[in-house]
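Select each stop as you reach it.

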Amino acid sequence: MTNAETAIRISALTVRYGRKTAVDDVTLAVPKGSIYALLGRNGAGKSSLVRCLVGQQKPTAGAVEIFGEDVWKRRGALMERVGVVSEEADAPPDMRVDQLAAFSRSLYSRWDQAAFDDRLRRFGIASRGKYGDLSKGQKKQVSLALALAASPELVVLDDPTLGLDVVARKSLFEEVIAEMADRGITVLITTHDLAGVEAIADRVGILAAGGRLVLDEEMEALKSRFRRVRFATQPAALAGGNLRTTAVRSWGAGTEAVVMNYDELAFERFRSASDVSAAEITPMTLEDIFIAVTGEGAPS
């Protein structure tokens with residue numbers, strides 16, 4: 001992708017804390033107007049990457065660009081175009097919600113007070129309530145309303161559903177993020193709510209232990225190449241093909257495996273050549289794929 005087509009470009013990004021590597025040589029690009037889900041288990045480096053993305057932390061090596069400009073060098077100008085919802089929502093506890101909005105309004109030239117007020121009404125939050133009296137989920141919702149009221153071109157959501165109940169999570173994924181996508185806003189989201197993000201993300205990146213990016217592709221392409229296959233035979237049946245498998249285990253008298261390069265025609269040729277009489281093939285959810293890629297027995 002060219003710079004004109006890219007909202008975020010991360011090049012060979014590395015973050016180290018002493019001898020510990022949190023992000024290891026990560027390169028990825030996020031197209032404008034897309035929703036990109038960055039996934040990883042706790043400690044995989046997601047928050048370190050996000051801090052570098054929004055210019056809060058200088059990486060050990062590599063570069064981050066937003067809209068073709070270096071974040072570290074141009075942070076002041078770029079943050080006018082970026083809305084951020086941090087993992088831990090925080091503000092002075094004695095400030096009222098409307099005071100937080102007034103402070104934010106002074107920082108953003110494209111502030112949309114009507115949109116902020118409307119979103120508060122949808123969330124059921126009183127504008128004159130003190131921030132410290134809000135629940136954890138309500139604080140996250142206020143942070144989201146503040147971020148969106150700045151009329152951003154890019155929104156970075158760091159685990160936005162943390163602390164939200166089922167109804168609020170559904171509202172965020174189905175209403176807020178869908179609305180941003182319809183308006184052409186680019187979204188980068190880190191989350192553990194894989195079922196929620198599966199329905200909305202255009203592209204997925206997965207960080208494994210040590211901050212390595214082990215997967216970066218379009219959601220539909222990812223789901224089309226992963227299958228759970230149950231064979232009625234023992235593992236020797238897998239040796240005859242070019243199947244890339246993980247999470248191979250016994251299944252009754254046979255074998256269950258996750259196939260990472262599934263193709264229907266190629267698999268039929270393999271099954272015929274291997275004399276495999278029966279195989280049960282099922283699609284996998286994003287959560288299934290995530291566990292296969294990052295869990296025990298995952299490919300290195």
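This tour of a predicted model goes from a hairpin to a sheet, then to the cores and a pocket.

**Stop 1: the hairpin.** Select residues 6–17, strand S1, and residues 20–31, strand S2. The two strands make a hairpin, with two residues between them. Click Gly18 in the turn: its phi is positive, about 65 degrees. S1 and S2 pair antiparallel over eight bridges.

**Stop 2: Thr14.** Stay in S1 and select Thr14. Is Thr14 buried or exposed? Its relative accessibility is 7%, so Thr14 counts as buried; the cut-off for buried is under 20%. Show what surrounds it. Leaving aside neighbours within four places in sequence, Thr14 is in contact with Val23, Asp24, Asp25, Pro59, Thr60 and Ala61.

**Stop 3: the open sheet.** Colour six strands in the order S6-S7-S8-S3-S9-S10. They form an open sheet with mixed pairing. Which strands stand at the edges? They are S6 (82–85) and S10 (212–218); each has a single partner strand, so one side of each is left without a neighbour in the sheet. Ignoring direction, neighbouring strands of this sheet are turned by 15 degrees against each other on average.

Zoom in on S10 and its pairing with S9, residues 203–208. Six bridges link the two in the antiparallel sense. Select Arg203 and you will find Glu218 of S10 opposite.

**Stop 4: the cores.** The largest nonpolar core has 52 residues. Select those with the most contacts inside it: Phe116, Val142, Leu157, Ile177, Met180, Ile189 and Phe226. Helix H5 (residues 136–149) gives the largest share of this core, seven residues.

Centre on Phe116. Beyond its neighbours within four places in sequence, Phe116 is in contact with Val97, Ala101, Trp111, Val142, Ala145, Leu146 and Ala149. Another core, of 29 residues, lies apart from the largest one. Its members include Leu13, Val71, Val156 and Leu188.

**Stop 5: the pocket.** The largest pocket has a volume of about 610 Å³, and 25 residues line it. Select Val84, Ser86, Ser104, Tyr108 and Leu146, which lie nearest its centre. Which elements give two or more residues to the lining? They are S6, helix H3 (97–105) and H5.

Notes
Residues are numbered from 1 along each chain as its sequence is written. This is a predicted model: local features need pLDDT of at least 70, side-chain atom pairs count only at pLDDT 80 or more; totals for chains, interfaces and linings use all residues. Side-chain values use heavy atoms; hydrogens and water are left out. Two strands pair if DSSP finds at least two bridges between them. Helices (H or I, at least four residues) and strands (E, at least two) are DSSP runs, numbered from the N terminus. Axes are lines fitted to C-alpha atoms, for helices over the stretch in contact, and angles run from 0 to 180 degrees between N-to-C directions. A nonpolar core is a set of buried Ala, Val, Leu, Ile, Met, Phe, Trp, Tyr and Cys residues joined through side-chain atoms within 4.5 Å. Buried means under 20% relative accessible area, exposed over 50%, partly exposed in between (1.4 Å probe, protein chains only). Contact means heavy atoms within 4.5 Å. On a 1 Å grid over the protein atoms alone, a cavity is a set of points where a 1.4 Å probe fits but cannot get out, and a pocket is an open set with protein on both sides within 12 Å along at least five of seven lines; lining residues have an atom within 4 Å of a point. Grid points are joined across faces, edges and corners, and a volume is the space filled by probe spheres set on the points.
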